[in-house]
Amino acid sequence: MLKTIILAAGKGTRMKSDLPKVLHTIKNIPMAKYVTDAARSAGADEICYIIGYKKEEVKAALVAPNVCFAVQDEQLGTGHAVKCAMDFIGREGSIMVLCGDTPLIGGDTLRRFADYHKDNHNSVTVLSAIVDNPEGYGHIIRDENGEFLYSIEHKDADDEQKKVKEINAGMYVFEAADLADALSELRCDNAQGEYYLPDTLEIIKRKGKKAGAYVIESAEEIMGVNTPEQLEEAAAVIERR
């Protein structure tokens, strides 16, 4: 069983619009729906949106069969957002966590991602990408054998870690029980004072469970839309496809 959580609570101030970020459209379709379609294509049978800013408006636009909503009233980080969906997470099957502002992510990619997670018997797998400019992203740190060690936010990274070009794409597959247990131990002792979802990877590893990172073939697919210019770029890619 594969269920999906889609993060959709933010306002998106850089979009310079009162419209919730995930409701900005490409070809008259809210960008969050592209993410939903990709998740369903990958085999996700239930979707839970984390909503916050203008939640009733978001809910009305995204309501669909096998879709539910969890409310994040305060924006206290990605870990806090996912924690708002504890009832949905439960303890059975796998949970995929996606971002509502990444309309270019493909269903085939997500299916390979979920298969990699399962085939490697991981408790958690993070989606990663190799980029020329990793500034602003979390960095994936591996050991000398290429095994995943941890993910560190750019703001918290030292000079050497900031040079690492493999970045955390902000998408994950967890085993539900391992995610629920890790969320209960999440702390906010970092530069931002927020609950970071990537910190669950270290918590899960500390328990002796397996964590891994799946490198996406095309970094284009993980592009987040934060500005009107990026929305135009994403629209051009969808048009090209």
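Reading burial, fold and pockets in a predicted chain

Modeller: Of the 241 residues of the protein chain, 51% count as buried, where buried means under 20% relative accessible area, exposed over 50% and partly exposed in between, with a 1.4 Å probe and protein chains only. This is a predicted model, in which local features need pLDDT of at least 70, side-chain atom pairs count only at pLDDT 80 or more, and totals for chains, interfaces and linings use all residues. Residues are numbered from 1 along each chain as its sequence is written, and side-chain values use heavy atoms, with hydrogens and water left out.

Biologist: How many helices and strands does the protein chain have?

Modeller: Helices (H or I, at least four residues) and strands (E, at least two) are DSSP runs, numbered from the N terminus. Here there are 8 helices and 11 strands.

Biologist: Why is the chain said to be as compact as a globular protein of that length?

Modeller: The radius of gyration is taken over C-alpha atoms, and the globule rule is 2.2 Å times the number of residues to the power 0.38. The chain has a radius of gyration of 17 Å, close to the 18 Å that the rule gives for 241 residues, so it is as compact as a globular protein of that length. Along the principal axes, its C-alpha atoms fill a box of roughly 45 × 40 × 35 Å.

Biologist: What share of the contacts joins residues 24 or more positions apart?

Modeller: Contact means heavy atoms within 4.5 Å. Among contacts with a separation of 6 or more, 69% are between residues 24 or more positions apart.

Biologist: What lines the largest pocket?

Modeller: On a 1 Å grid over the protein atoms alone, a pocket is an open set of points where a 1.4 Å probe fits, with protein on both sides within 12 Å along at least five of seven lines; lining residues have an atom within 4 Å of a point. The lining here has 42 residues, and K21, T78, C99, D101 and N226 lie nearest the centre. Strand β10 gives the most, with 4 residues; β1 (2-8), α3 (78-83) and β10 (166-175) each supply at least two.

Biologist: Which residues lie nearest the centre of the second largest pocket?

Modeller: They are M1, L2, S94, A114 and K118, from a lining of 13 residues. Elements giving two or more residues to this lining are α5 (107-119) and β10. Helix α5 has the largest share, 5 residues.
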